[in-house]
Each structure stands twice: as C-alpha cells, then as structure tokens.
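Here are a few notes to read with the model open. Have a look at it first, then go through the points.

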Amino acid sequence: MNIKKVLKGTFLVVLALLVGAIFWQIKSELPHSVNQPKKVVDDKKSKPAPVLEKTAEPAKSKKADSKSAKADWLKSETPIEFPILMYHHIADVVDGNTLFVPADEFEMEMMALKNAGYYTLTPEEAYRVLTTNEKPAEKIVWVTFDDGYKNAYDTAMPILSRLEMTGSFFIITGMRDDEDKMPDEMLLKMKQNSLISLESHTVNHPDLEYLTNDQADSELRDSKQELDRLLKQKTSVICYPAGRYNNETAELAENAGYKLGLTTNPGLASSRNGLFALNRVRVAYGHSEATFMALIGDK
Ligand SMILES: [Zn+2]
C-alpha cells in the first residue's frame, strides 16, 4: 500500500515536471516562432525586388539626410549654367544608333562626374537652381533619360543607385509596356527609389511643334494626369519629344501644371532661355573620360 502511494506520488511529481518542462519549452520557443514568419516575409519582400533595391534604400535615406544637412545652397554672382545630360538607351549599341550608350561606358561617365565632384540634381533642385540662381555644390549636373526603356530599370537605375546619383526618366505614358518600354510595375519600383524621378514625355511622342493647341494641350495634360495618378506625385517636368516645340508650347505646358520644359537644343541649361526651353547635352556612345568631360564643359 505504501509503495503504491509512493509510486503514485513519484508519478505525479514526474508528470508535473514534464508539464512544466513542456510549458517552459513552448515559452522559450515562442519568440522564435514569432520571429520566424517575419524573417520569411522580409526575404520574400527582397526577392522580387533585386539586390539593387536593397542597396538603393539605405542610399536613399543617406542621400536625403546629407542633402538636407550638408547641401549648402550658395547664391551665385553670375547666372548659373549647368549641363543637363540626355541619354536614351543604356545598352549595347545596335546598328550604330547614337541613342545607345553601353552600360560600362555610362558607368565610367557617372564615375567621372562623381570623381570630379559633381552633384546630381533632382527636378526640384534644378527648378530651384534656375529660379533662385543658387546651387547646392560648385559643380552640378542633371542626368536625364528619354523614352522610358526597360534598360532604364535593368541597367541605368542600378548604376545610379550604386553611385548614389540621381536620374530623371521621361515616360511616354501611352507606350508603357510597348516592346522595349517599361510596364507600370517597373515604373512603380523605380518610384520607390528616391534617387529616381519619373517625368512626362507626352502620351504618344508627337512633335508638339506641329500639333494644334488642343492636341498639344491633351498630350501635355493627359500624360501628366496619368503619371500623377499612377505614381501619386506632382509631375513637374515635360520633355518635348524629339525636342520639338513652338512659341505656344511653353504657355500650354505651364498651364498644364509643369514647371520646366526640356528640349534637345544643344548647350548648357540656364534660365536665360526660359524655364520651358532648357538646353541639353546629348551623350552618344564612344566617349573617353576626357572627351566626355570636355563635352559637358568641365574645367
Ligand atoms: Zn523621345
């Protein structure tokens, strides 16, 4: 009888210990199991967005911080002039087409700018330079890309992100996802990168010069509206297709809500030409670092 009681007692103690141990185990594992799914979510998040986005993120905040903290905007005695670089495809050259610049050449050019101390402007900063005649650095440049090709996403953006330089891309809203043009998913991913700006290149890429005012007006307004909606932004720059515009284009663009208009007229940009007729420097393939720096008038 006594032995039975003792056995029963021992059994209960062991049972209690077991239950306690299991509880303790669950408790200590709980934080793990809570963390686990979180980790998985993070991994998933970074998978569709390739490495470039991950590296772009910290670069962004760093850039934003350093911009607000470090950028000393200084008024200039003389009217400020600066290069607005014009690129199209960043890809291997096809059929000698000068709209192509190979990736390694483009990277060399961006490195050359960086090494020479150039500050890359956002559209907002370019507007400030042109309207207040003050600048955030001695050497400034605005890097632009026309037509919204997929290699903007695949090739140009990763290089800009790596070097922490800004770039502005002009989108033909009616040709999104056409052949070699970026679809909305790419545009939305680019929008997440604060080094990148997406601006208008009209709806159908017509020569604005030859359109009636009504036609030009809808090209300007509809493309802006579409980008504003898709990207939840205030699109502020119009890049004229083939650089073409007429005497009325500036007023139409301003009334449509734009702040700046870019042409393909060669030369440095300055407010002298008006905010809606800014010159650009066309960059073709084949440059060495020296000829590239000469092209943009670097001294
Ligand atoms: Zn174009």
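**Notes on a helix pair and some strands**

1. From α3, the residues A103, F106, E107, M110, M111 and K114 touch T155, A156, I159, L160 and L163 of α5; contact here takes C-beta atoms, placed from the backbone, within 7 Å. The contact residues split into 8 nonpolar, 1 polar and 2 charged, with Ala, Val, Leu, Ile, Met, Phe, Trp, Tyr, Cys and Pro as nonpolar, Asp, Glu, Lys and Arg as charged, and the others, Gly among them, as polar.

2. Before going on: this is a predicted model, where local features need pLDDT of at least 70, side-chain atom pairs need 80 or more, and totals for chains, interfaces and linings use all residues. Numbering starts from 1 along each chain as its sequence is written.

3. Helices α3 (residues 103-115) and α5 (residues 150-163) have axes that come within 10 Å and cross at roughly 30°. So α3 is roughly parallel to α5 (angles under 35 degrees count as such).

4. Over to the strands: β10 (residues 237-239) and β11 (residues 260-266) pair in parallel over 3 bridges (pairing takes at least two DSSP bridges). I238 has G261 in β11 as its bridge partner. Between β10 and β11 the chain goes through helix α8 (residues 249-255), a right-handed β-α-β crossover; that is, with the strands pointing away from the viewer, the path from the first strand over the helix to the second runs clockwise.

5. β11 also runs parallel to β12 (residues 278-282), joined by 2 bridges. There, P266 has R280 in β12 as its bridge partner.

Notes. Axes are lines fitted to C-alpha atoms, for helices over the stretch in contact, and angles run from 0 to 180 degrees between N-to-C directions. Helices (H or I, at least four residues) and strands (E, at least two) are DSSP runs, numbered from the N terminus. Angles under 35 degrees count as roughly parallel, over 145 as roughly antiparallel, 65 to 115 as roughly perpendicular and the rest as oblique. Two residues are in contact if their C-beta atoms, placed from the backbone, lie within 7 Å.
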